[in-house]
Amino acid sequence: MRYSGFKVIKEALTGHKGWEPQWRNPDPKPHYDFVVIGGGGHGLATAYYLAKEFGESRIAVLEKGWIGGGNVGRNTTIIRSNYLLDGNEPFYEFSLKLWEGLEQDFNYNAMVSQRGILNLVHTDAQRDAARRRGNAMILNGSDAELLDVEGVRKLYPFLNFDNARFPIKGGLLHRRGGTVRHDAVAWGYARGADMRGVDIIQNCEVTGFKIEDGKCLGVETTRGFIGAGKVGVSVAGSSSRVMEKAGMRLPMESHVLQAFVSEGLKPVLPGVITYGAGHFYCSQSDKGGLVFGGDIDGYNSYAQRGNMPVIEDVAEGGISLIPALGRVRLLRAWGGIMDMSMDGSPIIDKTHIDGLYFNGGWCYGGFKATPAAGWCFAHLLKTDTPHDTATAYRFDRFQTGHMIDEKGQGAQPNLH
């Protein structure tokens with residue numbers, strides 16, 4: 001079924017009796033050509049592009065819970081391509097271009113809103129860094145605009161421009177950045193994959209891998225053994241636990257990242273803003289709530305919940321930037337599990353086990369990477385070669401010293 005305005009009108013006039021489930025709930029088959037572990041945004045996008053772009057049909061997505069129950073539904077919905085390094089910027093620009101055509105591509109309203117992202121600067125050194133980043137973005141086909149104080153004031157007159165410690169001196173504006181409805185992304189990819197014959201198998205946890213003579217032959221699950229020609233693992237914060245079942249120890253840690261939403265307000269923020277003097281970023285949802293976040297909780301955890309000190313830290317950052325937030329009530333908070341890599345950049349690569357592939361280590365950048373991560377992982381699974389924009393995302397970069405340290409923090413996961 002394709003969605004359209006005419007279809008909506010017809011269903012409204014006929015009691016909405018013609019809508020069908022958006023995807024099937026099939027039993028697993030004994031064997032597939034491709035098994036993708038993880039029914040989040042990346043896993044569903046991988047299956048979708050394997051079917052749509054590479055013509056594959058015998059594909060299964062295995063999800064231990066339900067579609068949309070993991071990080072794809074637990075984030076702050078931001079999309080952007082304002083990166084600096086050559087290993088990252090072409091990839092995220094590729095992803096942003098896919099976002100721009102995504103709704104037409106899979107015929108689903110994902111509420112892509114390119115409302116712009118402004119990274120504030122508070123020192124001369126930050127302005128120099130923003131100028132350098134903006135030039136790198138432009139060289140890779142993205143957009144960037146360096147604003148002075150008055151340029152920022154026209155967009156956000158209510159910011160604390162004269163903060164004694166962190167006065168606002170300008171900002172780097174990325175007009176094509178913005179937000180997307182996170183759960184609609186999962187639903188749209190799931191529907192699109194299902195329409196192309198992909199089996200989406202929920203409540204199916206992987207408990208082990210069948211590996212013989214260095215080759216992965218399939219996976220053991222709570223719903224029985226499922227054979228596979230190739231297995232791709234895309235499970236975000238559970239990466240270490242799942243890959244441990246294949247005897248692999250990954251160069252990453254799992255941390256909790258909290259996000260928050262306020263009570264509903266009238267339109268306040270025209271776009272997304274990030275605080276250059278602290279880790280705070282904020283946008284406004286279509287329901288009126290302010291959606292914001294900050295640092296990871298810092299300690300290793302697999303729990304989808306956080307702690308009070310981080311809530312206090314993020315709230316302090318927000319009020320420092322926007323004093324009026326002190327009068328706004330916090331409505332709810334949630335946590336997602338981040339698989340933090342050693343240099344803060346992801347991995348999309350083959351493993352040393354024949355037929356076993358890995359996509360993970362996304363840190364803060366997983367949601368915005370969803371289309372490109374799915375496309376590039378599908379490309380790797382199909383061709384055994386990396387996509388042109390993902391050639392740097394290899395396991396061996398930590399051994400060879402080719403780090404992609406976007407923040408310049410060194411090889412310590414909790415700092416990225």
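Modeller: Helices α3 and α10 are roughly perpendicular to each other (an angle of 65 to 115 degrees counts as that). This is a predicted model, where local features need pLDDT of at least 70, side-chain atom pairs count only at 80 or more, and totals for chains, interfaces and linings use all residues. Residues are numbered from 1 along each chain as its sequence is written, and side-chain values use heavy atoms, without hydrogens and water.

Biologist: At what angle do the axes of α3 and α10 cross?

Modeller: Roughly 105°, and the axes come within 7 Å. Axes are lines fitted to C-alpha atoms, for helices over the stretch in contact, and angles run from 0 to 180 degrees between N-to-C directions. Helix α3 is residues 89-100 and helix α10 is residues 370-383. Helices are DSSP runs of H or I, at least four residues; strands are runs of E, at least two; both are numbered from the N terminus.

Biologist: Which residues of α3 and α10 make the contact?

Modeller: From α3, F91, F94, S95, L98 and W99. From α10, T370, P371, A372, A373, W375 and C376. Contact means heavy atoms within 4.5 Å.

Biologist: New topic. What order do the strands of the open sheet take?

Modeller: The eight strands run β5-β6-β4-β13-β14-β15-β12-β16, with mixed pairing. Two strands pair if DSSP finds at least two bridges between them.

Biologist: Which are the edge strands?

Modeller: β5 (145-147) and β16 (330-341), each pairing on one side only.

Biologist: How many bridges join β14 to β15?

Modeller: Four, and these two strands run antiparallel. Q284 has L290 in β15 as its bridge partner.

Technical notes. Parallel < 35°, antiparallel > 145°, perpendicular 65-115°, else oblique.
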